[in-house]
Amino acid sequence: MTTTVEQKTGGLKREMGLMSAINVIISVMIGSGIFVSPTAALRYSGSVGFCLIIWSVCGVISLLGALCFAELGTIVPRSGAEYAYLIESFGKTHRFWGPLPSFICAWVYVMVLRPAEIAVIILTFAEYSILPFSHVLGLDHLPSEDLHRLIKLVGILGLGIITYINLSSVKLYVTINNIFGFCKVFACLVVIFGGIYQLAIGNTENLSRGFTGSHFNAGNIALAFYNGLWAYDGWSSVTTITEEIKKPEINIPRSIIIAVPIITGLYVFMNMAYMTVLSPEEMIKSEAVGLDFGERVLGSFAFLIPLGVACATFGCALSIQFGVTRLCYVASQEGQMLESLSYIHVRRLTPAPAVAMQAILALMFILVGNIEELIELASFFIWFFYGSAFIALLTLRKTQPNVHRPYKVPLFVPIITLGVSIFLSIVPIVADPSPKYFFAVAFILSGIAVYTPFVYYKIRPTWMNKVTYLIQMLFEAVPTSEKLD
């Protein structure tokens, strides 16, 4: 008797209710950002008061953007978020140009954006794993270059572990992600209650500085928002698994309306806690804000902060790699990525070739990337494609006006969020024409050079057959239609 892999997997099932959808958003949103971004956000904003406003506004922007995705998720009931919306909006408009936006989205997300995010997060995991033990292990006297090498080495080890988990099984991923999800929320609450205690005993000197030293020029504001919105990224995560949500037309909007304000409250109060304990100068110079906070407030229990942060960042990197490998899988099935990226392991039923490719790309970013520049580069890409999704929403409003919309945002919401996307994509390039932004634009344009011969004209070099065979043998991977004994 033979059974296909496709039959064995049974396709995507709607098994996730409202609480599961809320947990997905919270799990992805709470990662390294809130433990790394406060330093850069404060430096660019210039003052305690203005920084808190930026964190609050970032939460509002994230909610508005998420509500736009909620509408898109209810009228385009497919997994894949931006990728799926671009296919639906433009895929059939023109034989050449129609599928191009969706390909560019997949090209950038798979090749640069998500691997860069994983690199940033896993380096944060490594930093918070090492610093608490630096005195015990005698690392205090290491030159900074050697310490950075050690952090990268631990980051590479962490990358290997999350890759192993995602290669092994979906069930193992879910179990470990749930454990780390609890740890990350616990770490946030420890910081908040520590800050509340400090305020209760009258430690208000740092917060009393208010708006002194604020930077109001457009370039600094954009970069402050970049770093704040980096921490909030993940609000679209529930729309990447639309096909697995029960009653998506109801539960996607509800999960967003509940989860994003919760995260906003956590983030604003965490920043207030940081600023209560640490002066602006100390925060800006800090290499690990959460760790410095713990040492000041928690005493012998200070280890709870780096432990919680390490768990949070590890779980976030694990989830991002899990998600992007599914984008590889879907884009490959659409003919817009290498065919072998849609192959799955014959026994574990995981997209092993896609997982391995993402691990290699993330490793490259870990070896060559500067963590702050990676955040700004990734934020540029994120908001460029968020903007394209908002354009897709406005396009669908015009081209499919009679489609049933179980949830519909007011027209001003996608217009505002599109304006924010344009601002965050253009102003930093004008204000600070760093080479990283030109690399970002060049990489987007390079997608056309790849798309034209290999996707549009479907040119396939004969040597690709050998590569495909090698991948199949190396990862024990087969197409979903391949018959197994």
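**Basis.** I am working from a predicted model, in which local features need pLDDT of at least 70, side-chain atom pairs count only at pLDDT 80 or more, and totals for chains, interfaces and linings use all residues. Residues are numbered from 1 along each chain as its sequence is written, and side-chain values use heavy atoms, with hydrogens and water left out.

**Salt bridges.** I counted a salt bridge where a side-chain nitrogen of Lys or Arg lies within 4 Å of a carboxyl oxygen of Asp or Glu. The count by this rule is seven.

I looked up the partner of Arg209 and found Glu281, with the closest N and O atoms 3.0 Å apart. Arg209 is in the loop between helix H8 (170–200) and H9, and Glu281 is in helix H11 (residues 280–285), so this pair ties together parts 72 residues apart in sequence. Helices are DSSP runs (H or I, at least four residues), numbered from the N terminus. Glu281 is partly exposed as well, with a relative accessible area of 41%.

I then noted that salt bridges with shared partners join Glu71, Arg397 and Arg405 into one network. Within it, Arg405 pairs with Glu71, the closest N and O atoms being 3.3 Å apart. Arg405 sits in the loop between helix H15 (371–399) and helix H16 (412–431), and Glu71 in helix H4 (residues 48–75), so the pair ties together parts that are 334 residues apart in sequence. Arg405 is buried at a relative accessible area of 14%, and Glu71 is buried at 0%.

Next I checked Asp233, which forms a salt bridge with Arg114 (3.8 Å, N to O). Asp233 lies in the loop between helix H9 (218–232) and helix H10 (248–277), while Arg114 lies in helix H6 (residues 100–130), 119 residues apart. Both Asp233 and Arg114 are buried.

**Nonpolar core.** I took a core as a set of buried Ala, Val, Leu, Ile, Met, Phe, Trp, Tyr and Cys residues joined through side-chain atoms within 4.5 Å. The largest one has 153 residues, and those with the most contacts inside it include Trp55, Val108 and Ile256. H6 gives the most to this core, with 22 residues.

I listed the contacts (heavy atoms within 4.5 Å) of Ile256. Leaving out residues up to four places away in sequence, Ile256 touches, among others, Ile25, Leu63, Trp235 and Pro261.

How values were computed
Helix = DSSP H or I, 4+ residues; strand = E, 2+ residues; numbered from the N terminus. Buried < 20%, exposed > 50% of the residue type's maximum accessible area, 1.4 Å probe, protein only.
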